[in-house]
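My notes follow as numbered points, to be read with the coordinates open beside you.

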Amino acid sequence: MIGPQLTGSDPAATNLAMPKIASSFAQFAAVRSGRRAVCAATMVAGLVPMLSGCIQVTAPDKPIVIELNVNIRQEVIYQLSADAEKTIKDNEGVF
Amino acid sequence: MTKTRFSSSVALMGAAALVLGAAGVAVAQEARDPAYAAARSSGQVGEQRDGYLGVVGSQPAAVQAMVRDLNNKRRAIYTEKAAGKGTIEEYAFATACRLIAQTAPGEKYQAPDGSWQTRTAAAPQRDPRCP
């Protein structure tokens with residue numbers, strides 16, 4: 001009784017031993033009835049993905065990219081300001 | 001003997017540096033091309049908020065070519081000067097803050113919203129990030 005409960009809470013139907021255990025658990029649980037039985041049954045069957053108590057999380061298919069350095073950094077502008085002033089003076093024909 | 005030779009070479013180097021310095025000053029004081037100065041004061045070209053020159057409205061091809069040429073030179077300067085200090089865009093932006101502040105009354109400059117403004121005696125509209 002303890003065995004089926006522990007294995008039954010693992011992700012369904014991904015390893016070879018699972019269908020047997022899960023189906024036996026489903027049979028066992030179906031006799032006892034209850035929400036967990038419904039949940040396990042749907043997970044094993046893989047028909048309706050969502051029922052009450054089953055939570056499905058979908059990972060994004062694209063990698064998450066955090067873009068840094070998008071904005072002009074103000075502290076850098078302050079540091080460059082004096083340098084820019086000199087550059088303007090040194091290149092009067094261009095500015 | 002050795003000492004004499006050393007000091008003479010130092011003197012030579014000093015003289016060379018002086019000549020080079022004089023040449024550098026001559027280059028630095030090279031003023032604006034008359035065509036560029038005229039285009040600026042007549043408002044055909046203006047200072048953009050990104051550190052480059054812009055053509056205001058539709059202008060002759062010669063003005064557009066001049067702006068392109070000057071902007072290429074500016075980009076080269078920004079690229080060289082920004083190395084190790086910040087990005088080229090940041091250096092150009094910092095220069096734009098100065099250039100817009102230094103515009104003379106009557107010249108055109110780009111406001112933070114992108115519109116062309118004519119500089120008056122009052123302070124120009126600048127990006128809030130400008131120092």
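1. Let me start with the contact between the two chains, bearing in mind that this is a predicted model. Chain B puts 24 residues into the contact and chain A puts in 20 residues. On the side of chain B that touches chain A, H3 and H4 of chain B each supply at least two residues. H4(B) gives the most to that side, with nine residues. Sorted by class, this side of chain B holds eleven charged, ten nonpolar and three polar residues.

2. Next, the largest nonpolar core, which has 25 residues. Those touching the most other members are Leu70(B), Tyr91(B), Ala92(B), Phe93(B), Ala94(B) and Ala96(B). At least two residues each come from helix H4 (74–90) of chain A and, in chain B, from helix H2 (34–41), helix H3 (61–82) and helix H4 (88–101). H4(B) provides the largest share of this core, eight residues.

3. Tyr91(B) is worth a look in your viewer. Which residues does Tyr91(B) touch, leaving aside those up to four places away in sequence? In chain A they are Leu80(A) and Ala84(A), and in chain B they are Tyr78(B), Lys81(B), Ala82(B), Lys85(B) and Gly86(B).

4. Finally, chain A by itself. Chain A has four helices and zero strands, in the order α-α-α-α along the sequence. Of the 95 residues in chain A, 14% are buried. Among contacts in chain A with a separation of 6 or more, 12% join residues 24 or more positions apart.

Technical notes:
Residues numbered from 1 in each chain as written. Chains lettered and ligands numbered in written order. Predicted model: local features only at pLDDT ≥ 70, side-chain atom pairs only at ≥ 80, totals over all residues. Buried ≥ 20, exposed ≤ 12 C-beta atoms within 10 Å, placed from the backbone. Contact = placed C-beta atoms within 7 Å. Core = buried A, V, L, I, M, F, W, Y, C linked by C-beta atoms within 7 Å. Nonpolar A, V, L, I, M, F, W, Y, C, P; charged D, E, K, R; others polar.
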